Amino acid sequence: MNIKVFEKLRAAALINDAELTAVKTAEDQQLFSLHWEIKTLLYLGVLLLSGGLGILIYKNIDTIGHQVILLIIGVICAGCFSYCIRKKAPFSWAKVNSPNAFFDYALLLGCLTFVTFVGYLQFQYTAFGTAYGLATFIPLAVLTVSAYYFDHLGVLSMAITNLAAWMGIAVTPFQLLSANDFGSVQLIYTGVILGGLLLLLAFISARKNLKKHFAFTYQNFGAHIIFIACVAGMCVYDAGWLAWFAFMAVIGFFIFKEAFRERSFYFVLITVLYGYIALSIAVVRLLITTNDIGGVYLGLLYFIGSAIGVIVLLISLNKKIKHASV
Amino acid sequence: MLAYNSQTLDNLEIQEEAEKALRKNCITVPTYKAIEAAHPVNFYTPNPVIKIGLFILTVVIISFSLGLLSLMAMDMLRNEDGFAGLCIFAGLVCYGILEIFIREKKLFRAGVDDALLWGAILLICSSMVIVGHISASTVCLVVCIVTVLATLRFADMMIAGVAYLAFLGFIFTVAIKLGPVAKTIVPFLIMFISITVYIAAKKISAYHSSRHYKHCLTIVSVLSLLTLYLAGNYFVVREVSNEMFDLQLQDGQSIPGAIFFWIYTAVIPVVYLYLGIRKKDTVLLRTGMILLAAIVFTIRYYHSVLPLETAMVIGGLVLTVGAWALIRYLKEPKHGFTYAEPEDPSLADKLRLESLIIAQTYVPGAQPAGNDVQFGGGTGGGGGASGGY
């Protein structure tokens, strides 16, 4: 806090001496927080460690015995999990704060090494049979249980990524668009199912108070996946695009209502933006059918006018949700 | 000079300070309300999330308006010069609208104004590139002048950063044209300018009259610390001189004065960290942390001290154990440092950014082995396939 500002406020008699003193003491006792710096170091450490171990194993498969490798990973994994089980606070469906900062990263390391462990078992011994699904399903189950049992949002995100991978979609944030071929019809349907499932989970956890703070993460992945799948549907289907448009409108309405209920600007914004994209695709599709240069002018005018309209809409929505959370 | 009312900016700062004091329970709610009423702020600043939306939509409007303009003026735009002229015209229109919005609608960091400002600067500056026969140093100079003027008028931190980089670009492009001696001293020239700018930014930010530019000065000081390091980093110096000055170095060959640059590469980040901890300066501390990674990268690029995986495991162990030790050490605050979370809730926290980063860096399991149960096998998608097990 800026002491000079408060001294001026004192001079203007807006605060009293006691309050000025309180501000000064608070400022004197202000500590320099290294929270984010240390967290970043820890996270980098865990990433390097698990990544390095992965490569180490991959390269030395022929020289060290398989059992030795399995043992090393197993020991690290078991060590992390046993540390977490010893330190954890009792389970509750409400938010449980982690007992200490190291806990979160120990759990993360445990989960990452577990995934490596299962992957290695499968690669070397085909321990889970040729049915590929099982080898992905076991990490998925363990990650999900860990996320709930230890209350860890990062592990929950990993579980969601794993669920999507199991269903055949890459939902890694920066690869959502590049790694998937949304031209394929199957992928669009899978996206709708996955997105719907995640939205349902978000809805349940928010309404039934089952780890309510997980709802944001579920809804975030779910909304993006289902919207992108719908937009892809509108682009791919030449005949049925109108049905996709209608479906998207229904989904959008639902997410929008939830967002208003939760006072979440973030979801209001993405619903409005995806809705705008869908509307624009519809307009462009209609304009293409006119097959005339006038259509191009009309399209450009549409984009300028509609974007202004959406800006006005967003500003008025901003006024409606006064005390928004995000 | 500044487009915004200075009194209102002051009021905004007072309100922000009062809010902090309220959060720490130093002042009461009625006091806070009184302070708020005595210092009215009539700026329009929406929620930060909405701001992003407004920014995107304004970019859409600017792009399609440009498209419409070029379509209508198709006949007049017979060559690049015509299009460059159109860009300058569109940039000036953006600027005009920006001024009107700020004066009439009191927009302040509202997304719309940021997009218009960026649009104006990009359009005006890109016209020079479109024309095509303007030298790099002139481009840098014009970009620098435009962005400096824009910074003075709108106090936008990103644009202040661009202005600093354009200035360095101008110095660099001029210096390398001056001959062999100038080329040799370019790294030192950049170092000298960087440190001068850093000290100047520190000095200026102490003045009361520079208070509305404090974010600009912060970004400039971060960038100047980075350029101060990069100007003497072995990798940058070697590769840039090789590329620009045709040294034709072979692999393993070194540049003149390599010892100096190697020491510089390794020492500066540590100095930053030390000063950052000594002075409790977040800017120095975080820059130092980022640059530690630069040391590792530079050394590993030229000398494979350890195989990658061993280096990763050892580095990971060192970082994890070190961070763990630091947390233990700071359990009770020591020397004014603490591990406790800062109290101001950040946007990154609210959007669960951390969990997204974890998801981004996580590669789920083994890759499909290419058997018949790969997904997308039927229209039932994921749900259908799970039944097979």
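In the predicted model, A:Ser33 stands opposite B:Thr338, a residue of strand 1 of chain B. The contact between the chains draws on 89 residues from chain A and 80 residues from chain B. On the side of chain A that touches chain B, the element giving the most is helix 3 of chain A (residues 35-60), with 17 residues. By class, that side of chain A consists of 63 nonpolar, 23 polar and three charged residues.

Helix 3 of chain A also holds A:Thr40. A:Thr40 counts as partly exposed because 16 C-beta neighbours are found inside 10 Å, a number that falls between the limit of 12 or fewer for an exposed residue and that of 20 or more for a buried one.

Chain B contains 16 helices and one strand. Of its 389 residues, 31% count as buried. Among the contacts in chain B between residues at least 6 apart in sequence, 60% join residues that are at least 24 apart. In helix 4 of chain B (residues 80-105) lies B:Tyr95, which is partly exposed because 19 other C-beta atoms lie within 10 Å, whereas a buried residue would need 20 or more. Between B:Tyr95 and B:Phe154, which are 59 residues apart along the chain, the C-alpha atoms are separated by 11 Å.

Two packed helices are described by the angle between their axes and the distance between the axes. For helix 7 (residues 157-175) and helix 9 (residues 214-230) of chain B, the axes come within 8 Å and cross at roughly 35°, and the crossing is right-handed. From helix 7 of chain B, B:Met157, B:Ala160, B:Gly161, B:Tyr164, B:Leu165 and B:Leu168 take part, and they meet B:His215, B:Cys216, B:Ile219, B:Val220, B:Leu223, B:Ser224 and B:Thr227 of helix 9 of chain B. The residues of this contact comprise nine nonpolar and four polar residues, with no charged residue.

Helix 8 of chain B (residues 180-206) packs against helix 9 of chain B at an angle of about 155°, with the axes 8 Å apart. Helix 8 of chain B is therefore roughly antiparallel to helix 9 of chain B, and their crossing is left-handed. The residues that make this contact include B:Ile190, B:Ser194, B:Val197, B:Tyr198 and B:Lys202 of helix 8 of chain B, together with B:Lys214, B:Val220, B:Ser224 and B:Thr227 among those of helix 9 of chain B. Its composition by class is eleven nonpolar, five polar and two charged residues.

Helix 7 and helix 8 of chain B likewise pack at an angle of about 155°, with their axes 10 Å apart. Helix 7 of chain B is therefore roughly antiparallel to helix 8 of chain B, and it passes helix 8 of chain B in a right-handed crossing. B:Tyr164, B:Leu168, B:Ile171, B:Phe172 and B:Ala175 of helix 7 of chain B make this contact with B:Ala182, B:Val186, B:Leu189, B:Ile190, B:Ile193 and B:Val197 of helix 8 of chain B. The residues involved are eleven nonpolar, with no polar and no charged residue.

Most residues other than glycine have a negative phi. In chain A, however, A:Asp151 has a positive phi of about 60° although it is not a glycine. A:Asp151 is placed in the loop between helix 6 (132-150) and helix 7 (153-167) of chain A, and counts as buried because 24 C-beta neighbours lie inside 10 Å. In chain B, B:Ala155 has a positive phi of about 50°, again without being a glycine. B:Ala155 is located in the loop between helix 6 (136-154) and helix 7 of chain B, and with 22 C-beta neighbours inside 10 Å this residue is therefore counted as buried.

Notes: Residues are numbered from 1 along each chain as its sequence is written. Chains are lettered from A and ligands numbered from 1 in the order in which they are written. This is a predicted model: local features need pLDDT of at least 70, side-chain atom pairs count only at pLDDT 80 or more; totals for chains, interfaces and linings use all residues. Two residues are in contact if their C-beta atoms, placed from the backbone, lie within 7 Å. Helices (H or I, at least four residues) and strands (E, at least two) are DSSP runs, numbered from the N terminus. Ala, Val, Leu, Ile, Met, Phe, Trp, Tyr, Cys and Pro count as nonpolar, Asp, Glu, Lys and Arg as charged, and the others, Gly among them, as polar. Two strands pair if DSSP finds at least two bridges between them. Axes are lines fitted to C-alpha atoms, for helices over the stretch in contact, and angles run from 0 to 180 degrees between N-to-C directions. A crossing is left-handed if the near helix is turned anticlockwise from the far one by less than a right angle, and right-handed if clockwise. Angles under 35 degrees count as roughly parallel, over 145 as roughly antiparallel, 65 to 115 as roughly perpendicular and the rest as oblique.
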